[in-house]
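Please open the model in your viewer and keep the sequence panel beside it. The tour below goes from one selection to the next and says what is found at each stop.

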Amino acid sequence: MWQCLKCSSCCHLAWLIKPEWDRGDGACKYLKNNLCSIYEARPEICRVKNYTKEKELTMACEEIRRFNGE
């Protein structure tokens with residue numbers, strides 16, 4: 001099963017996922033100290049729990065990190 005690396009790369013694409021959550025630099029306004037401050041109440045699009053397509057999700061994470069310049 002895929003394991004989140006808690007790199008917060010996906011949280012730096014708020015302007016694509018939920019534009020109203022962009023804190024002004026493209027990152028989610030709920031990202032605090034590299035962690036989600038509303039984790040328990042996060043929207044469905046932010047939930048990847050029990051994701052079974054590990055290869056696809058890993059590739060997506062790598063693309064997001066590349067996009068963010070990491």
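What follows is a walk from the whole chain to single side chains.

This is a predicted model, in which local features need pLDDT of at least 70 and side-chain atom pairs count only at pLDDT 80 or more, while totals for chains, interfaces and linings use all residues. Residues are numbered from 1 along each chain as its sequence is written, and side-chain values use heavy atoms, with hydrogens and water left out.

Begin with the whole chain, coloured by pLDDT, the predictor's confidence in each residue on a scale from 0 to 100. The chain averages 78, and 80% of the residues score at least 70. Confidence is highest in strand β1 (residues 31-32), at a mean of 93, and lowest in helix α2 (residues 54-67), at 73.

Switch to a cartoon, where the chain shows two helices and two strands, taken as DSSP runs numbered from the N terminus (helices: H or I, at least four residues; strands: E, at least two). From the N terminus on, these elements run in the order α-β-β-α. If contact is taken as heavy atoms within 4.5 Å, residues 24 or more positions apart account for 42% of the chain's contacts with a separation of 6 or more.

With buried meaning under 20% relative accessible area, exposed over 50%, and partly exposed in between (1.4 Å probe, protein chains only), buried residues make up 21% of the 70 residues.

Next, select W15, L16, I17, I45 and F67, which together form a nonpolar surface patch with about 520 Å² of accessible area. Such patches are made of residues with over 30% relative accessible area and no salt bridge, nonpolar side chains (Val, Leu, Ile, Met, Phe, Trp, Tyr) being joined within 5 Å and like charges within 9 Å. Helix α1 (residues 14-17) gives the most to this patch, with three residues. W15 has its place in helix α1, and its relative accessible area of 37% makes it partly exposed.

Side chains of opposite charge can pair when their charged atoms come close. Where a salt bridge is a side-chain nitrogen of Lys or Arg within 4 Å of a carboxyl oxygen of Asp or Glu, the count comes to two. K18 and E20 meet at 3.4 Å, N to O, and K18 is partly exposed at 24% relative accessibility. In the pair of D25 and R23, the closest N and O atoms are 3.0 Å apart; D25 is exposed at 51%, whereas R23 counts as partly exposed at 42%.

Then display the cysteines. The structure holds zero disulfides, a disulfide being a pair of cysteine sulfur atoms within 2.5 Å. For C10, the nearest cysteine sulfur is that of C11, 4.2 Å away, and C10 is partly exposed at 44% relative accessibility. For C28, the nearest cysteine sulfur is again that of C11, at 6.3 Å, but C28 is buried, with a relative accessible area of 12%.

Finish at S37, in the loop between β2 (35-36) and α2. S37 is partly exposed at 43% relative accessibility. Leaving aside neighbours within four places in sequence, S37 is in contact with Y30 and K32.

Note on methods
Accessible areas come from the Shrake-Rupley method with a 1.4 Å probe; for residues, only the protein chains shown count as cover.
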